[in-house]
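Colleague: I am new to this structure and would like to learn how to read it. Could we go through it one feature at a time?

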Amino acid sequence: MSVFAVTRLELRRLFVRPLAWVLAALTVAQLAGRFMLLVQIFATHQIAWAAQPAGPGYTDIVAVPMLSSILTSGILPMLPFGLAELALVVVPLLTMSTLAGERSHGTLPLWFAMGQSPFDMVMGKFLALLVWLALWLLLVLAMPLSLAHGMTLDWGKLAAAALGLLLMLAALCAIGIACSAYASHPAIAAAASLMLGLALVSLNVGALMAGVDNGFVNWLAMSTHLDSLIRGLVSSADVAWFLLVIAVALILATQRLGAERGRG
Amino acid sequence: MTAPTVVLQLDHTTRHRAGRPAVADLSLTLDAGQVLGLLGVNGAGKSTTLAMIAGALIPDGGAIRLNGRDFLEHPELARRAIGWLPERAPLWPELTVLEHLDAHGRLRGIHGAALAKARQRIVERLELGTLSRRLAGVLSQGQRQRLGLACALLHEPSLLVLDEPANALDPVQVAALRGVIREQAAAGTAVILSTHLLAEVTAACDRVAILHEGQLRYDGPITDDDHKMLEQTFFDIAMRGAQAA
């Protein structure tokens with residue numbers, strides 16, 4: 001199938017470019033530092049927390065906070081970023097060249113001349129990036145899981161948080177591809193994708209700080225849906241929100257490419 | 001004697017760019033095994049015409065038929081039927097020569113042993129063996145053109161579209177390119193190539209179409225004794241256009 005031929009080519013291109021490796025190395029190093037600090041904090045307070053009836057465990061203090069700072073922002077504000085916060089920067093950098101790069105290299109018309117439909121191109125590139133992002137997520141999860149044999153892990157909570165992160169990465173990836181489809185240069189695509197991601201995450205922060213509980217703004221904000229999953233609550237409404245964002249972004253990218261073939 | 005197979009048919013094809021007709025009401029046909037030279041001064045509409053034929057650009061009006069089927073309704077026909085080499089070979093700088101050939105093959109639906117065989121054939125034919133592991137980003141302009149041509153020929157298309165293919169090639173490479181074009185035509189491939197050099201057309205083509213300001217001004221066969229006449233026709237058309245402007 002043509003989508004998988006595109007995915008295979010894009011994966012190859014992704015893995016031979018230094019950008020993906022540099023991003024992976026830097027972020028995994030930073031997250032390894034975060035992991036060490038979290039383990040240290042957990043070891044220090046383990047006995048005190050164990051004495052509390054509903055005290056936090058290894059999953060709450062180490063495993064899930066590796067994925068996001070949401071749970072630790074109140075009690076551990078000085079810690080470096082979690083995966084979710086890093087993704088806001090990493091995903092735009094990864095996606096910026098997907099279509100804007102083809103445009104600036106002059107290879108975009110070649111795809112059309114090879115009979116590739118805009119859908120095949122967008123979907124193939126999306127799947128390739130998703131594979132990379134899933135591997136990145138697995139690499140980060142491997143750190144807390146390496147101590148799982150000696151700890152009591154809440155597998156359900158961790159799985160929900162991992163699902164939330166995967167959906168967030170997929171949504172940011174789709175937004176990045178859409179920005180890349182509209183932008184003339186990769187840098188513009190990265191900036192637009194970064195701003196959109198930040199806006200989606202922090203959309204309801206102002207309202208919450210002002211004590212206003214606006215249902216629509218809360219629904220629109222990515223943080224609303226991600227928070228629930230990070231806290232271990234899997235709701236089909238939250239999953240549907242992410243799937244909706246992914247679908248809208250990919251449809252926009254497909255339409256833009258189709259229009260480009262018509263416009264020249 | 002059987003009638004030649006029509007590979008390409010342009011029917012009143014039109015395309016505007018920046019509000020002006022880049023190609024206006026262009027109609028022509030191309031048979032299997034025929035080599036058509038699309039001649040015109042810079043800005044005559046050659047590249048726009050070839051981009052439409054290759055499927056990279058959609059016409060504003062008219063029709064394009066490829067092997068008897070409506071190409072605009074079935075753009076996927078390009079996958080197996082068309083090989084396109086634009087003026088600057090579009091390559092991915094981070095991939096090697098062999099990776100390019102593999103990617104083009106897979107995107108065109110060729111896999112496994114068939115792909116390996118096609119790749120070996122084209123590497124030998126275009127003498128890419130010594131370059132096979134080199135990254136496209138470090139190739140010279142002539143080597144890039146050769147790789148672009150290899151990608152265009154890998155799937156044995158029925159229509160080969162070459163946009164100013166001899167640009168940046170040295171005389172030896174130009175001679176080799178002409179050899180490849182003749183071989184392809186002998187094997188039944190229809191070839192259309194654009195150039196602004198009359199000598200290029202007379203050396204490689206058996207028919208010429210002269211485009212000027214997006215319109216077809218001349219279409220006829222090339223014989224050995226009418227080069228002078230053709231040269232005069234080309235200059236007349238170009239000069240008339242310049243005076244009118």
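Modeller: Start with one residue: A:Ala171 touches A:Met222, A:Phe242, A:Val245 and A:Ile246, leaving aside residues up to four places away in sequence. Touching, or being in contact, means that the C-beta atoms, placed from the backbone, lie within 7 Å. This is a predicted model, in which local features need pLDDT of at least 70 and side-chain atom pairs count only at pLDDT 80 or more, while totals for chains, interfaces and linings use all residues. Residues are numbered from 1 along each chain as its sequence is written, and chains are lettered from A and ligands numbered from 1 in the order in which they are written.

Colleague: Which residues have the most contacts inside the largest nonpolar core?

Modeller: In soluble globular proteins, nonpolar side chains tend to be buried together. Here the largest nonpolar core has 151 residues, and A:Ala171, A:Ala174 and A:Ile177 have the most contacts inside it. A nonpolar core is a set of buried Ala, Val, Leu, Ile, Met, Phe, Trp, Tyr and Cys residues joined through C-beta atoms within 7 Å. Buried means that 20 or more other C-beta atoms lie within 10 Å of the residue's own (exposed: 12 or fewer; partly exposed: in between). Helix α8 of chain A, residues 155-182, supplies the largest share of this core, 18 residues.

Colleague: How many helices and strands does chain A have?

Modeller: Chain A has 13 helices and 0 strands. Helices (H or I, at least four residues) and strands (E, at least two) are DSSP runs, numbered from the N terminus. Of the 264 residues of chain A, 45% count as buried. The C-alpha atoms fill a box of roughly 70 × 45 × 30 Å along the principal axes of chain A. For contacts in chain A between residues at least 6 apart in sequence, 76% join residues at least 24 apart.

Colleague: And what is the make-up of chain B in helices and strands?

Modeller: Chain B has 8 helices and 10 strands. Its radius of gyration is 18 Å, close to the 18 Å that the globule rule gives for 245 residues, so chain B is as compact as a globular protein of that length. The radius is taken over C-alpha atoms, and the rule is 2.2 Å times the number of residues to the power 0.38. In chain B, 44% of the 245 residues count as buried.

Colleague: What is the strand order in the open sheet of chain B?

Modeller: Strands of a sheet pair through backbone hydrogen bonds, either parallel or antiparallel. The open sheet has 6 strands in the order β6-β7-β8-β3-β9-β10 of chain B, with mixed pairing. Two strands pair if DSSP finds at least two bridges between them. The edge strands, β6 and β10 (215-221) of chain B, each pair on one side only. Strands β7 (159-163) and β8 (190-195) of chain B pair in the parallel sense over 5 bridges, and B:Ala190 in β8(B) is the bridge partner of B:Leu159.

Colleague: Where do the two chains meet, and how many residues take part?

Modeller: On chain B, 24 residues are in contact with 21 residues of chain A. The elements of chain B giving two or more residues to that side are α1 (46-54), α2 (78-81), β6 (82-85) and α3 (97-107). Among these, α3(B) gives the most, with 4 residues.
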